[in-house]
Amino acid sequence: MSDLKKRNVQGPMKGKVDPCCDTIPLKPNNIAKPKSTQRGLSLKKAIITGLSWIFGVIVINLLISYLLTETLTYGYKNRYTNWRTYFPVKQRIFTEEELALYDGSDLTLPIYIAINGEVYDVSKGATYYGKGGGYSFFAGKDAARAYVTGCFKTHLTHDLRGFDDIDMEQVTGWMDFYRDHETYYRVGTVVHPPIDPESPIPEDCKDEGKRRSSETIQNANK
């Protein structure tokens, strides 16, 4: 009898869901994600998509620039396309004797020029400033005066006495030329001994017909 009761109690309940637990357990994948998480995922996806588009546009523009101008900047060149602008060398102070060592005669050394005290590495322009170059007389010295006057016989000096405001503007213009150059870069400063105020001002070149203008010199450096 006890066995029969036991079978009758268990039989009706078999296969039924307990009313107190009348729910189907949810699997982890079916759990709804919070709206904040969904927004975060959407934002992340949008950012990645945007960056991908920007990167693609940059690459395409670089390729077009190179095909048209053989440069990556559509032919635009100045100090901002010179990597030395972002990784400058340690600046050095030169004496005139030290600067003279960098005149291009020693092929193991770079070529330096100076203008109004600022020293620049012009090794990339060895065709002009190296031995045998058209402007090799500028190498290894501060010849600021000659840049303005075009007198390369007696004005290869830093002595600017007698210059007026217009002349000094030209000196500044030449300094800006080297500062903004796409390949030349500054390496330091040359210190000159004081100029005797009683000494004569450098004599002008007598053969004015052979003087070359600043524009001609600048074009040669392009």
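Q: What helices and strands does the protein have?
A: The protein has seven helices and four strands. The model is a predicted one.

Q: What pattern do they follow along the sequence?
A: Read in sequence order, the pattern is α-α-β-α-β-β-α-α-α-β-α.

Q: How much of the protein is buried?
A: Buried residues account for 28% of the 222 residues. The protein exposes about 15,800 Å², and carbon and sulfur atoms supply 60% of that area.

Q: And the contacts between residues at least 6 apart in sequence, what share join residues at least 24 apart?
A: Of those contacts, 66% join residues at least 24 apart.

Q: Moving to the sheet. What is the strand order?
A: The four strands form an open sheet, ordered β1-β4-β3-β2, with mixed pairing. β1 (92–94) and β2 (112–115) stand at the edges; each has a single partner strand, so one side of each lacks a neighbour in the sheet. From one strand to the next the twist averages 40°.

Q: Which strand does β1 pair with, and is that parallel or antiparallel?
A: β1 is joined to β4 (residues 185–190) by three bridges, and the two run parallel. Within that pairing, phenylalanine 94 has valine 190 in β4 as its bridge partner.

Q: What about β3 and β4, parallel or antiparallel?
A: β3 and β4 pair in the antiparallel sense, over four bridges. Aspartate 121 has tyrosine 185 in β4 as its bridge partner.

Q: And how many bridges join β2 to β3?
A: Four bridges join β2 to β3, and these strands run antiparallel. Isoleucine 115 is bridged to glutamate 118 in β3. β2 and β3 form a hairpin with two residues between them.

Q: Which residue in that turn has a positive phi?
A: Asparagine 116, with a phi of about 50°. Asparagine 116 is not a glycine.

Q: Why point that out?
A: Because most residues other than glycine have a negative phi. Asparagine 116 lies in the loop between β2 and β3 (118–121). With a relative accessible area of 34%, asparagine 116 is partly exposed.

Q: Back to β3 itself. Which residues cover which side, and are they buried or exposed?
A: Glu118 and Tyr120 are on one side of β3, Val119 and Asp121 on the other, and all of them are buried; both faces of the strand are covered. In a regular strand the side chains alternate between the two faces of the sheet.

Q: Glu118 is a charged residue in that list. What does glutamate 118 form a salt bridge with?
A: Glutamate 118 forms a salt bridge with arginine 186, with the closest N and O atoms 3.5 Å apart. The pair links distant parts of the chain, since glutamate 118 is in strand β3 and arginine 186 is in strand β4, 68 residues apart.

Q: How accessible are the two partners?
A: Glutamate 118 counts as buried because its relative accessibility, 9%, is under the 20% cut-off. Arginine 186 is at 32% and counts as partly exposed.

Q: How many salt bridges does the structure hold?
A: The structure holds five salt bridges. One of them is between arginine 161 and aspartate 159, where the closest N and O atoms are 2.9 Å apart. Arginine 161 is partly exposed at 22% relative accessible area, whereas aspartate 159 is buried at 5%.

Q: What does aspartate 176 pair with?
A: Aspartate 176 forms a salt bridge with arginine 179, and the closest N and O atoms are 3.0 Å apart. The two are three residues apart in helix α6 (residues 165–179), so about one helical turn separates them. Both are partly exposed: aspartate 176 has 31% relative accessibility and arginine 179 has 35%.

Q: Which residues are linked in a network of salt bridges?
A: Glu118, Asp176, Arg179 and Arg186 are linked in one.

Q: Last topic, the surface. Which residues form a nonpolar patch there?
A: Leu43, Ile47, Leu51, Ile54 and Ile58 form the patch, with about 490 Å² of accessible area together.

Q: Take leucine 51. Where is it, and is it buried or exposed?
A: Leucine 51 is in helix α2 (residues 35–69). Leucine 51 is exposed because its relative accessible area, 53%, is over the 50% cut-off.

Terms used. Residues are numbered from 1 along each chain as its sequence is written. This is a predicted model: local features need pLDDT of at least 70, side-chain atom pairs count only at pLDDT 80 or more; totals for chains, interfaces and linings use all residues. Side-chain values use heavy atoms; hydrogens and water are left out. Patches are made of residues with over 30% relative accessible area and no salt bridge: like charges are joined within 9 Å, nonpolar side chains (Val, Leu, Ile, Met, Phe, Trp, Tyr) within 5 Å. Accessible areas come from the Shrake-Rupley method with a 1.4 Å probe; for residues, only the protein chains shown count as cover. A salt bridge is a side-chain nitrogen of Lys or Arg within 4 Å of a carboxyl oxygen of Asp or Glu. Buried means under 20% relative accessible area, exposed over 50%, partly exposed in between (1.4 Å probe, protein chains only). Contact means heavy atoms within 4.5 Å. Two strands pair if DSSP finds at least two bridges between them. Axes are lines fitted to C-alpha atoms, for helices over the stretch in contact, and angles run from 0 to 180 degrees between N-to-C directions.
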